[in-house]
Amino acid sequence: MWPRIGGLRSLALGTPGELRATLNTLVLAGVKTATAGLISEYAQENEELEQVGERLALVDDHDALVGVVEVTGVEVVRFAEVPWDFARSEGEGDRSIEEWREGHGAYWARQGTPVTDDTQIVCIRFRLVSAGDGGISTGDLST
């Protein structure tokens, strides 16, 4: 299971370090309004897909709360069918869907999970609800 903060599932973007810090900054700036994950990670972690309206605790490398986002859309698609409008909403500077696929494919390969055109991708859209702790106690963090 993914860690919980104040009853909210955590959203830990990318990998710890510079990547996560950069992605969190993009969310807090309103530039990043989507993220993609592998459906296989949900099965491995015994997690359900996010639901529209669900709030998630955006966390840093130490599971400290940096903001709260609300899920506005969830779709599972083949890697080859991730739409450009979704990829662009990730806010990571990709100039084309091909560039997005190349970068994300390389990222998942480095994480030990190479993807193919048929790999199922969870496309999550969200909006920033609050920056900081949003009134959620980090003392409620549980794993």
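**Exercise 1.** Is Glu 99 buried, partly exposed or exposed?

*Solution.* The model is predicted, so local features need pLDDT of at least 70 and side-chain atom pairs count only at pLDDT 80 or more, while totals for chains, interfaces and linings use all residues. Residues are numbered from 1 along each chain as its sequence is written, and side-chain values use heavy atoms, with hydrogens and water left out.

Step 1. The classes are buried (under 20% relative accessible area), exposed (over 50%) and partly exposed in between, with a 1.4 Å probe and protein chains only.
Step 2. Glu 99 has a relative accessible area of 26%, so Glu 99 is partly exposed.
Step 3. Glu 99 and Arg 95 meet through their side chains in a salt bridge, 3.1 Å from N to O. A salt bridge here is a side-chain nitrogen of Lys or Arg within 4 Å of a carboxyl oxygen of Asp or Glu.
Step 4. Arg 95, at 70% relative accessible area, is exposed.

**Exercise 2.** Which residues do salt bridges with shared partners join into one network, and where does Arg 4 lie?

*Solution.* Step 1. A network of salt bridges that share partners joins Arg 4, Arg 9, Glu 47 and Glu 54.
Step 1. Arg 4 is located in strand β1, and at 18% relative accessibility Arg 4 counts as buried.
Step 2. The side chains of Arg 4 and Glu 47 are also joined by a polar contact of 2.8 Å. Such a contact is a pair of N or O atoms within 3.5 Å; within protein, one must be able to donate a hydrogen and the other to accept it, and residues adjacent in sequence count only if both atoms are side-chain atoms.
Step 3. Arg 4 also has Arg 9 in β2 as its bridge partner.

**Exercise 3.** In what order do the six strands form the sheet, and which are the edge strands?

*Solution.* Step 1. Two strands pair if DSSP finds at least two bridges between them.
Step 1. Strands β1 (residues 4-5) and β2 (residues 8-11) run antiparallel and are joined by two bridges. Their hairpin has two residues between the strands, and Gly 6 takes a positive phi near 55° there.
Step 2. β2 pairs with strand β4 (residues 55-59) in the parallel sense, over three bridges. Ser 10 stands opposite Ala 57 in β4.
Step 3. The six strands form an open sheet of mixed pairing, in the order β1-β2-β4-β5-β6-β3. β1 and β3 (34-38) are the edge strands, each pairing on one side only.

**Exercise 4.** Why is the pair of Tyr 107 and Trp 108 edge-to-face?

*Solution.* Step 1. Rings of Phe, Tyr and Trp (its six-membered ring) pair if their centres lie within 6.5 Å; planes under 30 degrees apart count as stacked, over 60 as edge-to-face and the rest as tilted.
Step 1. The structure holds three aromatic pairs. In the pair of Tyr 107 and Trp 108, the ring centres are 6.5 Å apart and the planes lie at 65°, so the pair is edge-to-face.
Step 2. Both Tyr 107 and Trp 108 are buried. With Phe 79 and Trp 100 they form one aromatic cluster.

Technical notes
Helices (H or I, at least four residues) and strands (E, at least two) are DSSP runs, numbered from the N terminus.
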